[in-house]
Each structure stands twice: as C-alpha cells, then as structure tokens.
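Please keep the sequence and the model in view while reading.

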Amino acid sequence: MLNRVLGFYTKYFAVWVVVFGIAAYYYPSPIAALKDFNKWFFAITMFGIGAVLCADDFRHIIKNPVIVLIGSAAQFTIMPFGAFIVARIFGLPPELAAGLILTGAAPGAMSSNVMSYIAKADVAYSVSLTTVSTMLCPLLTPGLTWLLASSKIPVPFWKMAADVLIMVIIPLFAGFAVRHYFKKRIEQILPVFPAISVTFIIFICSLVIALNHDYLPKATAAVLATVLVLNIYGMFCGYGVGSLFRMNTARRRTLAIEIGMQNAGLGSALALEHLGPRAAVPAAFFVFVCIFTAAIAAAIWQRSPSPKIA
C-alpha cells in the first residue's frame, strides 16, 4: 500500500510542483523562511538519487564509452550555448540571462530516465548519460556559467564548484554506498528515496517562487517563453545528434529527452546561493516545462513499436 502511494506521489511530480508553487506564491512567508536550508535539502535529494543507483548503471558506461562521450559532449555544448543565444535574442536582463545559462549548464535530470522508459527509448543509455553528466558537473556547470555569464553578473566559480561537490557528488556517492552495503534492507524501502528527492525538488521550486513573489507577475510571460524555446531547441538538437551519428531510434529518443531535460533543481539551488533569487526564476520554470514537454514526447513515442537497441 505504501509503495503504491509513494509511486503515485513520484509519478505525478509535475502536478505537485504546480500545486505547491501556487501555494508558495500566495503564502510565501513560511517557505521563504527556510531559505538557509536550501543547500542541504538539495544534498538530501542527491542522496536519495544515489540510493537508487546500482553497479550495473556504471558498467553500461564502460561498455559504451563512445556513445556516452557523444551524449555528454552534446549535453554540455547544446544547452549552455543555446541558453546564451536565447537570452541574447530575448534580451533578458543580466540576472535572468545568467540564471538561464546556469540552467543550460546543469547536468541531465534524473527524471529523464523515467521519461526514457515511458518513451520506449534506451533507458540504460539515459542512466549512463545522466550519471556521467552529474559526475562532470562540479567543473563544467560553474565553468560554463562563468564563461558565458560572467560578463553579465559576477559568477564565483570556485565557490560554486565547491557547493556542487557538497550538494551533488558527496551525497550521491553516499547514497550509492548505502545501497551497495545495505542492499537487502534498502531494497525493501527503495520507493522512499525517489519520493524524498521529489519532495525536496518541489520545495526548491516553491522557494524560488516565494522569494520572487513580487517580481513574478512582471516576468512570467518572458521567462516562460525563453525557457520553452530553450527546452524544445534542446530536444530537437538531441534527436539531431543521434541522427548525425546514425544511432538507432531508441537512442535518438534518449538524447532528445536527456538533453532537453536539465537538472534545473540544481540550477535553482546554485542560483539562489550565488547569483540571487531572481536568477533562479528560469531554472524553477524549467523544471515544470521540461517535464511537460518530455511527457508529451514520451506519450507520442510510446505508441510506436519499441525499436531494438544495438
């Protein structure tokens, strides 16, 4: 019974983001008061994700290094540079532009693995790409943000890199270690960990909305447009990269979802910590937008026969 409840809660992640986001907008004070705990809440999120990983997820990377390298390179070029161009085209103010670039420079979202499963894509490839981009993000996320956004607002590269290490890598491996050494006990309560991660991502998005309560009515349409354009651009380019390298249909779908979906929860947390509340707005909006578009794509692809994975 508990597993069904947790499964339902995790499955409708996007719904809870919207519901609690609305609540945060109308009742911002209680959520805004928890701002100082933002970094640690995200660390708990990554611990929950780490507890879901297993050794096979890493073995697949070793077996398929070339396609993982292609996907990871595409992840950290298409989205951050695309965010830079989209911000210029839409003439975003410096803080919003920096926040959009930070979102583009984030690693792939763990929820992309679920979307790849629904879309009849290559789930193992999706997990490999998400894992590798997460391992690379302590250097590439702050580095690309500094490269592309430091002319707009100050970007503290080393502080941001240290925070990514504390918020992402250490808790991720801690969760993985707990799963590895306490496998039987952990498997009995495995659905709890994705639910924990979902809870804190919802909190982070709600916190961004609460802290920007007065600003959001002025920026909503513009930010939504830029975020939607970036997301769709990423999905199309991801599919295009798969086609360019003659990957099968399953892997093309995987790349479309993986590149189009960013770990915008991490982007929000880093923006709140280092760039200011307003810079976190694009990342918070991206959480909902990328899940919505990926869900539509997955629903369409789900109707097609599942291609064989080479």
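Tyr 26 has a relative accessible area of 58%, so it counts as exposed. The model under discussion is predicted.

**Aromatic rings**

- A search of the whole structure finds three aromatic pairs.
- In one of these, the rings of Tyr 25 and Tyr 26 have centres 5.2 Å apart and planes at 90°, so the pair is edge-to-face. The reasoning is that planes over 60 degrees apart count as edge-to-face.
- Tyr 25 has a relative accessibility of 24% and therefore counts as partly exposed, since that class lies between buried, under 20%, and exposed, over 50%.
- Phe 157 and Trp 158 also form an edge-to-face aromatic pair, with 4.7 Å from centre to centre and 80° between the planes.
- Trp 158 is exposed, because its relative accessible area is 67%.

- Ser 126 belongs to helix H9, which comprises residues 123-149.
- Is Ser 126 buried or exposed? Its relative accessibility is 0%, so Ser 126 counts as buried.
- When neighbours within four places in sequence are left aside, Ser 126 is in contact with Ser 112, Asn 113, Ser 116, Thr 254 and Glu 258.

**The second largest pocket**

- The second largest pocket holds about 360 Å³ of space.
- It is lined by 13 residues, of which Val 18, Gly 21, Ile 209, Phe 285 and Phe 288 are the closest to its centre.
- Which elements give two or more residues to this lining? They are helix H2 (13-26), helix H12 (192-211), helix H13 (216-244) and helix H16 (281-302).
- Helix H2 gives the most to the lining of this pocket, with five residues.
- The lining of the second largest pocket is made up of 11 nonpolar residues, two polar residues and no charged residues.

**Val 19 in helix H2**

- Helix H2 also contains Val 19.
- With a relative accessibility of 42%, Val 19 counts as partly exposed.
- Val 19 and Val 52 are separated by 33 residues in sequence, and their C-alpha atoms are 26 Å apart in space.

Conventions. Residues numbered from 1 in each chain as written. Predicted model: local features only at pLDDT ≥ 70, side-chain atom pairs only at ≥ 80, totals over all residues. Heavy atoms only, no water. Phe/Tyr/Trp six-rings, centres within 6.5 Å; stacked < 30°, edge-to-face > 60°. Buried < 20%, exposed > 50% of the residue type's maximum accessible area, 1.4 Å probe, protein only. Helix = DSSP H or I, 4+ residues; strand = E, 2+ residues; numbered from the N terminus. Contact = heavy atoms within 4.5 Å. 1 Å grid on protein atoms, 1.4 Å probe; cavity = no way out; pocket = protein on both sides within 12 Å on 5 of 7 lines; lining within 4 Å. Points joined across faces, edges and corners; volume = space filled by probe spheres on them. Nonpolar A, V, L, I, M, F, W, Y, C, P; charged D, E, K, R; others polar.
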